[in-house]
Amino acid sequence: MNLLEIDRVVKRYQTKLAVDDISLVVPQGVVLGLLGPNGAGKTTLIRMLTRITFPDSGHIRFLGEPLAEKHQAQTGYMPEERGLYKKMKVREHLVYLLTLKDFSPAKAGQMADHWLGRMGLADWAHRKVDELSKGMQQKVQFIQTVAHNPPLLILDEPFSGLDPLNAQLIENTIRELAAQGTTILFSTHRMEQVEQFCEHIALVHNGKLVLNGPIADIRRRYRKSLYRIHTAEPLGTLTLPVGTHEESRSRNEATFRLPDGTGPQALVEALNRQVTLERFELVLPSLRDIFIETVGAENLTAEQAQPALV
Amino acid sequence: MRKIFIVAAREYRVRVRNKWFVVGTLLTPLIFSLFFVIPILSGRIAGKETYRVWVIDPSGQVAPKLQNTPELTFQASTQPLEALKDSVGSQSGIAILVLPADLSKKQLTATFYATKNPSLILERSLTRELDKILTGLKIVQAGIAPDAMAKTELEFELRTAKLSAEGTHETNTLLATGVGYAMAFLVYFMMAIYGQQVMQGVLEEKTNRIVEVIVSAVRPIQLMVGKILGIGAVGITQSLIWVVLITGLLFAFVGFFGPELAQGQTQQLDPAQMAQAERMAYQIEQAMAQFNVSLIFYFLFFFLGGYLIFGSLFGAVGAAVDQPQDASSLSGIIVLPLVLPMLFLTPVLANPNSGIAVWLSLIPYSSPTIMMVRLAATDVPAWQILLSMLLLVGGVYVNGWIAAKVYRVGILLYGKKPTLAEVGRWVVRRA
């Protein structure tokens with residue numbers, strides 16, 4: 001079953017096409033990394049999934065049904081820019097948002113209490129939000145997103161501004177939720193987080209979906225004929241097959257680039273004659289490499305230099 | 001509907017328990033009633049001042065008629081003024097009253113010497129007393145028998161009555177003017193104060209960055225309507241508490257001091273005062289008759305309509321900007337139609353059926369204040385009331401629709417302050 005089916009969705013703003021004919025399927029239980037430079041259309045896409053805005057054309061289906069108001073209660077959304085009502089008490093705040101998601105006050109209270117205990121905030125339940133430290137406020141924001149145990153979580157830069165301790169706690173909780181089968185849409189420009197968390201990625205650039213699929217497949221698709229060896233003895237001078245180029249080496253390791261279209265067979269045989277191979281492996285490109293290759297290095301640097309605004 | 005109610009309930013709860021709301025709601029009636037209580041209390045305290053008064057009466061006719069009061073004890077003196085002044089020196093509680101010598105003059109003056117100025121109440125009662133004695137003496141001088149003069153005394157008052165289909169009923173122009181002013185100002189203040197609260201509330205949600213989370217659960221229009229209704233309910237609560245507290249405090253005051261005040265005055269109540277009291281009662285009765293139930297209904301209707309129009313427009317301004325100073329500059333275009341009608345209050349009251357009065361009472365931006373004035377001051381034709389109410393409902397709808405469009409786009413937009421033209425484009429563009 002697919003949790004989300006995004007079908008030829010277009011969203012145009014006054015001056016530009018924010019989302020340009022994107023189709024994307026998110027299977028249930030998958031953790032999907034939504035990647036892309038600033039202004040690529042990630043936020044617009046997310047806002048359509050949360051029914052904050054609506055597509056000009058195209059369709060979105062949620063568990064097979066056309067996306068409707070009731071699905072808002074089945075989604076937990078944590079925007080990148082997030083805040084709380086400063087004058088409300090913590091528990092009251094959580095209960096308020098849960099009742100807006102159609103839960104009865106009693107049920108909402110139970111959920112809030114459960115999560116406040118789980119995140120170590122039980123003693124703060126009846127304090128005003130502005131009495132909490134920034135880290136505690138971030139935990140409240142996270143609880144707010146997940147407390148109703150929604151089948152779909154949309155997290156936009158969930159770790160931005162978190163201190164390491166809270167980041168670890170929230171990371172663990174996200175992993176638990178993923179293990180329980182929650183579908184998670186994870187929007188970020190931190191490649192290492194995507195590699196840690198996500199099975200699938202979708203890369204958006206200039207309003208278009210330029211890359212989409214399981215990370216393993218994508219990395220294989222983008223592999224160069226690059227191989228790494230690890231030897232028992234220190235490396236000396238090596239004789240390589242014609243066209244093979246040594247990219248780098250250290251004491252016991254070296255990387256070789258083969259000419260396009262040739263298999264590793266000749267290289268393995270040549271090396272076996274000269275050294276004792278302990279490991280011989282295909283080097284897959286990192287997501288960062290793929291990102292640069294797909295959308296250009298200028299986008300990567302620009303986005304890491306300054307955090308996204310919209 | 002349910003979500004609108006949840007949003008409204010939160011707005012209401014958070015505002016009502018705010019300590020400044022509590023302080024403002026409780027203090028305002030207290031300050032208001034102090035305006036009534038202090039003059040009376042200070043009068044009572046000042047009334048405690050007593051004087052022994054040396055009276056210099058060259059004609060010898062006035063002093064014997066002066067009667068002692070709890071405050072003033074009169075004693076005739078034959079000493080010259082300068083000697084008396086010296087003997088009084090700087091002692092308080094002793095005064096000198098110099099009466100006119102030639103009572104045949106038209107202009108008569110007397111002088112009251114004391115180390116400090118007597119209270120206004122004392123001064124007035126002494127003036128009244130002397131006026132009475134001197135007039136009495138003049139009547140005798142003119143050869144008129146005092147009883148004959150007494151028979152000519154009368155209290156006259158012009159009462160006005162309005163002819164209408166339901167029969168004759170009496171009116172009081174001054175009272176109507178007062179009620180009209182009070183109603184218009186009340187509507188105006190409520191619209192201005194609570195309208196701006198809507199603006200600040202929207203702006204707060206935006207600068208807080210909570211709004212994106214909220215609109216992922218409710219539609220923006222629900223959030224906006226809920227906020228406007230919740231704040232409106234706060235306004236109604238506050239005014240109800242004010243009305244109850246002010247009446248309560250005034251009654252409590254009368255209960256505390258009333259009997260005492262009345263006791264001190266019973267002996268002094270003369271026929272003239274009795275007549276005045278009777279007239280007061282008549283006026284209060286008339287006020288009750290004029291301030292009828294329909295006026296309360298109209299007040300609620302026009303207040304609510306006006307608040308909904310200005311509240312949604314203020315809300316739209318709060319959504320369009322993200323800096324409080326930008327909000328105050330942009331809200332100028334809303335404050336104008338809010339304040340402008342107030343400048344016409346006096347001309348409308350002077351002539352509540354003039355062309356401009358009729359027009360202003362029909363236009364939705366000015367009708368909440370101007371129609372209230374006209375309703376209090378005159379008999380407004382039924383068709384005008386009905387048309388004004390219809391136009392107000394239409395105005396609420398149209399302004400609400402425009403505001404909702406601006407709000408929808410504005411709440412998720414950060415950055416530079418939009419121009420009016422840009423805001424206009426938000427209104428016409430699709431969602």
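Residues are numbered from 1 along each chain as its sequence is written, while chains are lettered from A and ligands numbered from 1 in the order in which they are written. Because the model is predicted, local features need pLDDT of at least 70 and side-chain atom pairs count only at pLDDT 80 or more, whereas totals for chains, interfaces and linings use all residues.

In chain A, four strands form an open sheet in the order 2-1-4-5, with antiparallel pairing. Strands (E, at least two residues) and helices (H or I, at least four) are DSSP runs numbered from the N terminus, and two strands pair if DSSP finds at least two bridges between them. Strand 2 (17-27) and strand 5 (65-66) of chain A each have a single partner strand and stand at the edges, so one side of each is left without a neighbour in the sheet. Strand 1 (residues 2-12) of chain A is joined to strand 2 of chain A by seven bridges in the antiparallel sense. Within this pairing, A:Val9 has A:Ile22 in strand 2 as its bridge partner.

A hairpin is formed by strand 12 and strand 13 of chain A, with three residues between them. Strand 12 and strand 13 (residues 253-257) of chain A run antiparallel and are joined by four bridges; A:His245 stands opposite A:Arg257 in strand 13. None of the five residues of strand 12 (residues 245-249) of chain A is buried, so this strand lies largely in the open. A residue is buried if 20 or more other C-beta atoms, placed from the backbone, lie within 10 Å of its own, exposed if 12 or fewer do, and partly exposed in between.

Helix 4 (residues 134-146) and helix 5 (residues 164-179) of chain A pack at an angle of about 10°, and their axes are 11 Å apart. Axes are lines fitted to C-alpha atoms, for helices over the stretch in contact, and angles run from 0 to 180 degrees between N-to-C directions. Helix 4 and helix 5 of chain A are therefore roughly parallel to each other; angles under 35 degrees count as roughly parallel, over 145 as roughly antiparallel, 65 to 115 as roughly perpendicular and the rest as oblique. Residues of helix 4 of chain A, including A:Phe142 and A:Val146, meet A:Asn166, A:Ile170 and A:Leu177 in helix 5 of chain A. Two residues are in contact if their C-beta atoms, placed from the backbone, lie within 7 Å.

A:Arg127 is placed in the loop between helix 3 (105-118) and helix 4 of chain A. With 14 other C-beta atoms within 10 Å, A:Arg127 is partly exposed. When residues up to four places away in sequence are not counted, A:Arg127 touches A:Lys89, A:Val90 and A:Leu132.

Chain B contains 17 helices and six strands, and 29% of its 431 residues count as buried. The axes of helix 16 (residues 382-410) and helix 17 (residues 420-428) of chain B come within 8 Å and cross at roughly 105°. These two helices of chain B are therefore roughly perpendicular to each other.

Between the chains, 19 residues of chain A are in contact with 15 residues of chain B. Helix 2 (residues 90-100) of chain A supplies four residues, the largest share of the side of chain A that touches chain B.
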